[in-house]
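Please read them with the sequence and the model side by side.

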Amino acid sequence: MSAAYLGTWRLVPELSHYDAGGPPEGGSYRIEDRDGVLHFTIDWVKDAQAMSASYIGHADGTPVTAPHPGVDEASVLHEDDRTLSGSATAGGAVIARTMRRVSTDGRLMSVLQETANGQGGWHKTFQLYFRQ
């Protein structure tokens, strides 16, 4: 697969917004295509502590078992060469939604994530990344 969202991206904390808490001091977001399976690796530093998350997905929206506690399944969908959406479920309910969109020049990627807050609403996170 050839898509603009594939690659390694560097977080721009000062241009990112988090409803719940502030942005990390720094981070990276890598999306790789390995034989038709998308591999995601996200690394960040928050309060001087290094953290990491990784997961896989099929670009056709097929759900996969999620490796994270409290999440049953996750899926990603290749909308077009610059857009990749996703969602996560628990107990049959959507608990997170993500939209990744790459600028027309391919240099920036925005990530809008909405996470259920447990009270019927959503926490929103907007992140901006530069291509590395």
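1. Is Glu-32 buried, partly exposed or exposed? The model is a predicted one, and in it Glu-32 has a relative accessible area of 25%. Buried means under 20% and exposed means over 50%, so Glu-32 counts as partly exposed.

2. Glu-32 has a salt-bridge partner in Arg-34, with N and O 2.8 Å apart. Arg-34 is partly exposed as well, at a relative accessible area of 42%. The pair belongs to a network of salt bridges that links Arg-30, Glu-32 and Arg-34. In general, side chains of opposite charge can pair when their charged atoms come close.

3. How many salt bridges does a search of the whole structure find? The count is five. Besides the pair in point 2, two of the bridges share Glu-114, and they are taken up next.

4. Glu-114 forms a salt bridge with Arg-97, where the closest N and O atoms are 3.0 Å apart. This pair links distant parts of the chain: Glu-114 sits in strand β10 (residues 108–116) and Arg-97 in strand β9, 17 residues apart. Glu-114 has 16% relative accessibility and counts as buried, because the limit for buried is under 20%. Arg-97 is partly exposed, with a relative accessible area of 34%.

5. Glu-114 also forms a salt bridge with Lys-124, and here the closest N and O atoms are 3.7 Å apart. Lys-124 lies in strand β11 (residues 122–131) and Glu-114 in strand β10, so this bridge ties together parts that are 10 residues apart in sequence. Lys-124 is partly exposed, at 39% relative accessibility.

6. Which residues have the most contacts inside the largest nonpolar core? They are Tyr-5, Tyr-29, Ile-31, Leu-38, Phe-40 and Met-109, in a core of 19 residues. Strands β1 (7–11), β3 (26–34), β4 (37–46) and β10 each supply at least two residues of this core. The largest share, three residues, comes from β4.

7. Leaving aside residues up to four places away in sequence, Ile-31 touches Tyr-5, Leu-6, Gly-7, Leu-38, His-39, Phe-40, Leu-84, Arg-100 and Met-109. Tyr-5, Leu-38, Phe-40 and Met-109 are also among the core residues with the most contacts.

8. Met-99 belongs to strand β9 (residues 93–102). With a relative accessible area of 36%, Met-99 is partly exposed.

9. Met-99 is also one of the residues touched by Ser-85. Ser-85 is in strand β8 (residues 83–90) and counts as buried, at 11% relative accessibility. Beyond four places in sequence, Ser-85 touches Ser-75, Val-76, Leu-77, Glu-79, Thr-98, Met-99 and Arg-100. With Glu-79 there is a polar contact of 2.7 Å between the side chains.

10. What does Asp-80 touch, not counting residues up to four places away in sequence? Its contacts are Tyr-5 and Arg-101. The side chains of Asp-80 and Arg-101 make a polar contact of 3.5 Å. Tyr-5 also has a place in the largest nonpolar core. Asp-80 lies in strand β7 (residues 73–80) and is partly exposed, at 33% relative accessibility.

11. Asp-80 and Met-51 are 29 residues apart in sequence and 30 Å apart in space, C-alpha to C-alpha. Glu-14 and Thr-104 are 90 residues apart along the chain, with their C-alpha atoms separated by 22 Å.

12. Where does Glu-14 lie? The residue is in the loop between β1 and β2 (17–18). Glu-14 counts as exposed, because its relative accessibility is 64% and the limit for exposed is over 50%.

How values were computed: Residues numbered from 1 in each chain as written. Predicted model: local features only at pLDDT ≥ 70, side-chain atom pairs only at ≥ 80, totals over all residues. Heavy atoms only, no water. Helix = DSSP H or I, 4+ residues; strand = E, 2+ residues; numbered from the N terminus. Buried < 20%, exposed > 50% of the residue type's maximum accessible area, 1.4 Å probe, protein only. Salt bridge = Lys/Arg side-chain N within 4 Å of Asp/Glu carboxyl O. Polar contact = N/O pair within 3.5 Å; in protein donor to acceptor, adjacent residues only side chain to side chain. Contact = heavy atoms within 4.5 Å. Core = buried A, V, L, I, M, F, W, Y, C linked by side-chain atoms within 4.5 Å.
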